[in-house]
Each structure stands twice: as structure tokens, then as C-alpha cells.
Amino acid sequence: MAAGAGLVVLRPWTPEFRHGGLTIADPPAPVKPAPQVVPAPPNAPAPTAAGLSAALAQVVANPDLGAFAGMVSDADSGATLWSQDADRAMIPSSTAKILLSAAALLALPADSRVTTKVVTGTAPNELVLVGGGDPTLTAQPDGKGYYPDAPRLSDLVEQIRKSGRKADTIVVDVSAYRGPTMAQGWEERDIPDGSIAPIESVMIDGGRLDPLVEYSPRTPTPALAAGQALAAALGLDPAKVRLGAAAPAAPEVASVKSAPLKERLHQLMVHSDNVLAETVGREIAKATGNEPSFAGAVAALTATLNKAGFELNGMVMHDNSGLSTDDRVPARLLDAVLATAARPTGDQLVKPTGTKAVPENSQLAATLAPLLDDLPIAGATGSLAARYVTQNHGAAGWVRAKTGTLSVASTLVGYVLDRDGRVLTFALMSNDRPPEVSRPALDAIAGTLRNCGCS
């Protein structure tokens, strides 16, 4: 060591040195989320008509709404708190599915299923695929198509093979439905645009060409395409598939069933599925003795809602999905259905102002109540997932509503818990404005209802 050199002492690194003299605390105890769902308080103050009108004055005067009609009701009492042109017949777009869902809940069992079957043909080596009205059958190899819990084409194939039945030809029987496959007010371009397929009694994944994409282009021949998919899965020539009829009482070779009605209603409401809506409409038609067609389904819906006591003046429908630009429904009717569904069961049902009284029957409210759980949640699910995210964010999670969108109409019908804990139902209808203009204006109205403590 050189003379005069200092002594160097090396010390090991310490936690204090590494972290600038700070010590590392023990980790905190884990925090477990405790989500709770509780009913709205029974003693929450109701907004007054005057208070609500004052709160809404600016947002309902927005010119972006175009031709506008609306109604807001108090769910506890059924009283109308605010309305504007509520009797005016407007284009409902997909909020018409609220009427369909209500009619389905009233006319059909919640566990109702639709059967697709294969029977023997009239010629040797011929099988007949008989559509019962289920568009959810999937041909995906893993069985996971567009619709949850859908029946699988592979199950039909397995049953056919186990039967030992040989075939070289597939016939597709679509006689379960009647009339045209496209409704008045529909446009052919909506098929490649992915909004609809021609309504036939058997389809694969709603006629989607890409079975996992919501707005995939659809096939213009969904029943024939389903038969071709079955033929391909059996190793047959898809060219040897044709439309035809099964013989009466032909022996069954294979069958599969759809998901229960309650699951299909949830799917068609959350994702606004037009094909599924039209096929459920035909289920109602069959159950009520009407023809399984567009006209028959509308007649069945009309009769079912009328029997329940709803005032249908102004309603003109050409389909059950709301895709037709010729459909007309007043905001009064849409709000009446939601207000009935939202009424506390056990209470008498009070009519919204200006409408025919809904029967004082708590069972009606209980029957329609599941409709509320099928509505999209603002900023979170289905057709409302992308809304209330950057604008009107304060209403995200609080507004639940069925959307409606056409090039000439935007609508929003649902309910919201206001700041005081009161449940308000609403029907908001804008016509004559493009949706990119009118939708934010509608969202602002529902957001105002959420922020209202307008007592």
C-alpha cells in the first residue's frame, strides 16, 4: 500500500441507501370489493313537474334533436312528470324492440325454445333440414358462434351419423314461415351492410358471413346457406342442396333446440339484433294463432299489448325489429310500457297522464319487469357501450335504455335513478336528423334526468 493512502471501508448496500434513505413499508392488507345491488329507496322525493320542466328546458330545445317528442314518468306512481308531443307518431327505430319484448314476456313462457330438426326425405338418400324459426344455429368448429348457448350444427351431424342414415342430398324446408322475407320499409342494402338478413326459418349465426362479427355482411339466402353448411359438414356436395318440403310425419333423424326465450330476449335487446327480433315475433304469432309472417307477427304484438291494457293509438308497424322506416310509434306508448315494467310490484298501476289506464294488476308489472334487466347500460354494455364515455359521463352506469338508430331517426327509451334516488322512465324520440347529430342531444337529456333532484 502506498504511504499516506486513506483507509477505504466498503459497506454492503442497504434498503435505505437504495431508496434514498426511505424504508419499505409492509404491504397493506388486501382490499376486497364488496359490490352491492340495492333497491331504490322507497321514500326518495319525486321530482315535481315544474322542477323537471325547468331542468330540461335547455336540453330539449337543442335544434340537433330535429322533430322531437318525449315523455318522462315517475316509476313509483306512474305519473307523467314531463311530456312534449308524446302522442305524435314517430319513427321508433329499434326502440320498437321494447314492444316486441313486452309482448313476448306476456305471450310466451320464459323457457320457450325453438327446435331445428332433420327428417327423412321423400326420395332415397335424402335428408330434410326443417327450420322451426331459430336463426342462432352455429357451424363454428368449437360450437361458439355469435349467439351464446346456441345449438350446434355439429350436434345434428353427430346424431345423423349415429342414426346410420345415408344421404347424398339435403333439402331445406322453410315452410314454418309465410309471406315475404323482407318487410315494407326495409332496404336491400341492409343485407350486405349487416343489419338484416331475409327472414327465413333456419339460419346459421343469423345469416352472418363472418359468424363472430355483429355487423358482418349477411347472406341473401340464409336457409339455403344453412343447408349447404350441413351438407359440407356431412361430407356431401353443397351443390346438391335445394329448397323443398318435408313429408307430413316424416321420421325424425336429429334435432337441436335454441337457448331459452329469456336468453334470446336479452341478446336481441342488448345488441339490438334485428333478425332475432323478427323470429321471436313469429314465435308470438304462432302462440297466439296468427300467421307466422310480418303481418301476422305485427297482429300478434298488437293484440297482446292491447289485451294487457296499453293504449295503441298512433302505432303503425310493418315489422317487429323497428328497422322499417315506415314504422310509427308515439313516445307515450313506449314510456307506458317502461313505466309499467318499473312499477313496484304489489302496488296499483297508475296510468301515465293522457293514456288509457293500464289494468290495476300487479302481475302485469311483475311479468314485464325482466325487460328492465335486458336494457343496455350507459357506457358499459351493448349498443350503449360507446356512449356516455366522453360526453355526459356522469350518467354512465346510471342510465339503462334501448337505443334506436336509423339514418332518419334516433331514439332512446329506458330508465334512470336520479340524484335523489328516484326511478324515472323516459321515451325520447328524434326524427329528421342524422344519428351522429341527434344521439348526443338525446344522451344529454337522459344525463339531465340523472343529475336532476328536481323536487
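1. Start with the hairpin of S1 and S2. Five residues lie between the two strands, and Gly78 in the turn has a positive phi of about 80°. Strands here are DSSP runs of E with at least two residues, helices are runs of H or I with at least four, and both are numbered from the N terminus. S1 covers residues 67-74, and S2 covers residues 80-84. Their pairing is antiparallel, over four bridges; strands count as paired if DSSP finds at least two bridges between them. Gly70 stands opposite Gln84 in S2.

2. A word on the source. This is a predicted model, in which local features need pLDDT of at least 70 and side-chain atom pairs count only at pLDDT 80 or more, while totals for chains, interfaces and linings use all residues. Residues are numbered from 1 along each chain as its sequence is written, and side-chain values use heavy atoms, with hydrogens and water left out.

3. Strand S12 (residues 423-431) pairs with S1 in the antiparallel sense, over eight bridges. Ser73 stands opposite Thr425 in S12. S1 is also mostly covered: eight of its eight residues are buried. Buried means under 20% relative accessible area, exposed means over 50%, and partly exposed lies in between (1.4 Å probe, protein chains only). Ala67, Ala69, Met71 and Ser73 point one way from S1; Phe68, Gly70, Val72 and Asp74 point the other way.

4. Look next at S5. Five of the five residues of this strand (residues 126-130) are buried, so S5 is largely enclosed by the rest of the structure. Both faces are covered. Glu126, Val128 and Val130 sit on one side, with Leu127 and Leu129 on the other.

5. Which strands pair with S5? Strand S4 (residues 115-120) is one partner, antiparallel over four bridges. Val119 has Val128 in S5 as its bridge partner. S4 and S5 form a hairpin with five residues between them, and Asn125 in the turn has a positive phi of about 55°. Strand S6 (residues 169-173) is another partner, running parallel to S5 with five bridges. Here Glu126 is bridged to Thr169 in S6.

6. S5, helix H4 (residues 153-163) and S6 make a right-handed β-α-β unit. Right-handed means that, with the strands pointing away from the viewer, the path from the first strand over the helix to the second runs clockwise.

7. Now a helix. Seven of the 10 residues of H6 (residues 261-270) are buried, so H6 is largely enclosed by the rest of the structure. Among the buried residues are Arg264 and Gln267, along with Leu261, Leu265 and Leu268. The buried residues of H6 pack against helices H3 (96-107), H7 (274-287) and H11 (370-373), and against strand S10 (399-406). After H6 comes Ser272, with a positive phi near 50°.

8. Finally, the whole chain. The secondary structure comes to 12 helices and 12 strands. The C-alpha trace spans about 110 × 80 × 40 Å along its principal axes. Buried residues make up 51% of the 455 residues. Of the contacts (heavy atoms within 4.5 Å) with a separation of 6 or more, 67% join residues 24 or more positions apart.
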